[in-house]
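Reader: I am new to this structure and would like to learn how to read it with care. Could you take me through it one feature at a time?

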Amino acid sequence: LSAQVFPTVVIIISLYSLFSKLKLMNSYQGLMLADVAMSLPLSVWMMKSFCDSVPKSLDEAARVDGCSRFKTMTQIVIPLMKPGMLAVGIYAFLQSWDDYMIALVVMNKTSMKTLPVGIAETFLGEFGFDYAGMMTVSVVASLPVLLLFLFFNKYMERKTAIVTGAGTGIGQGVAITLGQNGYDVVVHYNSSAEGAEEACRQIRDCGGRAWPVQADLSAMSGVR
């Protein structure tokens, strides 16, 4: 994470020297390696916070129900982490898409220059600037990012609700309503799992995601 504290220009000389020795200059592999190295530390830190937000009780409930670790990861944990994964993916994509300094140093061939470098060298001259052309190309360059965000926005807006006392009555109705409105629902129950499993079944029938989890309800109530 210390690399995120300093501006890119501070490490650019060392990066140029290293890539020259490794013969990675003017190669897409070198540019991808540099961009990954710059975005990976903060991406891992962000993903850790998303992983910590997944309730450990879900993992324990899945093991009680007979799920393997692989099935628990693919069918329970990863779906809950999907918004975080998409957010980190978009961040890493924007880091590479908007990169100027690294692409300017690593790529010297005109045919291999990236979009930010191409815009700067085409429309920004020594004695004049074509602001109209630069703004036109910049708007077009922003369209892929905008379309990417609009496409994944619906997956990033999912919320998780933990409903306690949802075995019967009002609690069960609340859990089903939340599931039908796009929430991922964790249904806590105490001794009898029939009501909680019924609520989860109805939520899944509507295309939602729900998990029954046994818990001590003496100190919990309501929706969180």
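Author: We will go from confidence to the overall layout, and then to one helix.

Reader: How far is the chain to be trusted, and where is confidence lowest and highest?

Author: This is a predicted model, and its chain averages a pLDDT of 76, with 74% of the residues scoring at least 70. Confidence is lowest in strand β1 (residues 159-164), where the mean is 60, and highest in helix α6 (residues 101-106), where it is 89. Over residues 216-224 the pLDDT stays under 50, although the model has 21 contacts beyond four places in sequence for that stretch.

Reader: How many helices and strands does the chain have, and in what order do they run?

Author: There are 10 helices and three strands, and from the N terminus on they follow the order α-α-α-α-α-α-α-α-β-α-β-α-β. Of the 224 residues, 34% count as buried, and among contacts between residues at least 6 apart in sequence, 68% join residues at least 24 apart.

Reader: Which residues of helix α4 are buried, and why do they line one face of the helix?

Author: In general, an α-helix has 3.6 residues a turn, so residues three or four places apart point the same way. In helix α4 (residues 56-64), the buried residues are Leu58, Ala61 and Ala62. Seen down the axis of α4, these buried residues fall within an arc of 100 degrees, so they line one face of the helix.

Reader: What does the face of α4 turned away from its buried side carry, and which residue just after α4 takes a positive phi?

Author: That face carries the exposed residues Lys56, Arg63 and Val64, while just after α4 it is Gly66 that takes a positive phi, of about 95 degrees.

How values were computed. Residues are numbered from 1 along each chain as its sequence is written. This is a predicted model: local features need pLDDT of at least 70, side-chain atom pairs count only at pLDDT 80 or more; totals for chains, interfaces and linings use all residues. Side-chain values use heavy atoms; hydrogens and water are left out. pLDDT is the predictor's confidence in each residue, from 0 to 100. Helices (H or I, at least four residues) and strands (E, at least two) are DSSP runs, numbered from the N terminus. Contact means heavy atoms within 4.5 Å. Buried means under 20% relative accessible area, exposed over 50%, partly exposed in between (1.4 Å probe, protein chains only). The arc is that of the directions from the helix axis to the C-beta atoms.
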